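Subject: Structure handover

Hi,

Here is the structure we talked about. Please load it before you read on.

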Amino acid sequence: MGEWTIGELAAATGVPASKIRYWERKGLLPAPERSGGQRRYAPQAAARIARLRLCQEVGFTLEEIASMEEHRSSGLDLWRDLVRSKLADIDRQRAELDRRSARLNGALDCPHTFLSDCPHFRAHVQDYLAGQGPTAQT
């Protein structure tokens, strides 16, 4: 297939045309050629959109993606620093999810009829009252 209209590109990538236009305005996609007032995209635009989607899926913000693209020609490995930072964020999120899971499992193991009567749950309430809420260990 030669050049694509924005509708064809949207259909091929699963990304709405409005988002494609937004990414263009943000400088994440190059401005397409125009023919008869219509945007016309080269087939490689689909690969670029797929890269953007993947970057967003793994947690990069549009600003971070733009920064990586901006520094691409500088030869700096900025992207490695951003990846390390994302991995650290994921590790923090994982620890938080593990903490939440442990609290919920502790509550499920309780034989009390009401959650508010559960000693495990009450201990966590006391953590909140002591100012240790979300950072308290189980």
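My notes on fold, shape, surface and cysteines follow.

First, a caution: this is a predicted model.

Fold. The protein chain has 6 helices and 2 strands. Their order along the sequence is α-α-β-β-α-α-α-α. The chain is more spread out than a compact globule, because its radius of gyration is 24 Å, well over the 14 Å that the globule rule gives for 138 residues.

Shape and packing. The C-alpha trace spans about 70 × 35 × 20 Å along its principal axes. Of the 138 residues, 26% are buried. I also looked at contacts in the chain with a separation of 6 or more: 46% of them join residues 24 or more positions apart.

The protein chain exposes about 9,600 Å². Carbon and sulfur atoms supply 54% of that area.

Cysteines. How many disulfides does the count come to? The answer is 0. The closest cysteine sulfur to that of C118 belongs to C110, at 3.3 Å. A disulfide needs the two sulfur atoms within 2.5 Å, so this pair is too far apart for a bond. C118 has 1% relative accessibility, so C118 counts as buried; the cut-off for buried is under 20%.

Best wishes

Key:
Residues are numbered from 1 along each chain as its sequence is written. This is a predicted model: local features need pLDDT of at least 70, side-chain atom pairs count only at pLDDT 80 or more; totals for chains, interfaces and linings use all residues. Side-chain values use heavy atoms; hydrogens and water are left out. Helices (H or I, at least four residues) and strands (E, at least two) are DSSP runs, numbered from the N terminus. The radius of gyration is taken over C-alpha atoms; the globule rule is 2.2 Å times the number of residues to the power 0.38. Buried means under 20% relative accessible area, exposed over 50%, partly exposed in between (1.4 Å probe, protein chains only). Contact means heavy atoms within 4.5 Å. Accessible areas come from the Shrake-Rupley method with a 1.4 Å probe; for residues, only the protein chains shown count as cover.
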